[in-house]
Amino acid sequence: MKTFITGSYILLFWFLLSGHTEPLLMTLGVLSTLLTIYLSHRMKLIDHESHPFHLSTRFFRYCVFLGKEITLANVDVIRRILRPGTISPQVFTIPVSKKASLSKVMYANSITLTPGTVTLELKNDQLKIHALSKEAAEDLKTGRMAEQVPDEGDIV
């Protein structure tokens, strides 16, 4: 199953980058995908570490959530730049409720991807974060983003 999903992702990625629908190029795309999957499978490169397939369903929902958060944070940062005096930098720590290492890293990276916040350190199930404003810090302290991050135990 992992091999099929990996192959589907590779073929979809190839198609999105190439955009070709001619029969010859589509056939070559499928053949190159099959060759890549065969070689990867033979080299034992496809395992649970290479892509967390068990998180795939929640992962796509999380991508939509994160995209919305990034957009809203961009607007907030632009407003703060245009209105002087609205920036109130904060450095704080919050606990990480996730158990799996992958989920902890996804959460820390998601905070960094969101404009106006940066994860400074992940240590002992604590995140040290710098936020551009008090409001951004308070939003992260609510744990709303942490709840959205898929955990390995959530989906099997």
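My entries below go through the strands first, then the helices beside them.

Entry 1. I reminded myself that this is a predicted model, where local features need pLDDT of at least 70, side-chain atom pairs count only at pLDDT 80 or more, and totals for chains, interfaces and linings use all residues. Residues are numbered from 1 along each chain as its sequence is written, and side-chain values use heavy atoms, with hydrogens and water left out.

Entry 2. I looked up the strand order and got β1-β3-β2, an open sheet of 3 strands with antiparallel pairing. Strands here are DSSP runs of E with at least two residues, helices are runs of H or I with at least four, and both are numbered from the N terminus. Two strands pair if DSSP finds at least two bridges between them. The edges are β1 (90–95) and β2 (117–123), each pairing on one side only.

Entry 3. I followed β3 (residues 126–131), which is joined to β1 by 6 bridges. F92 has I129 as its bridge partner, and T93 stands opposite K128. On the β2 side I also found 6 bridges, with V118 partnered by H130.

Entry 4. I checked the hairpin of β2 and β3: 2 residues lie between them, and N124 in the turn has a positive phi of about 50°.

Entry 5. Helix α4 (residues 101–113) packs on the sheet, touching β1, β2 and β3 (contact means heavy atoms within 4.5 Å). Helix α5 (residues 134–141) also touches β1, β2 and β3.

Definitions and conventions: Axes fitted to C-alpha atoms, helices over the stretch in contact; angles between N-to-C directions.
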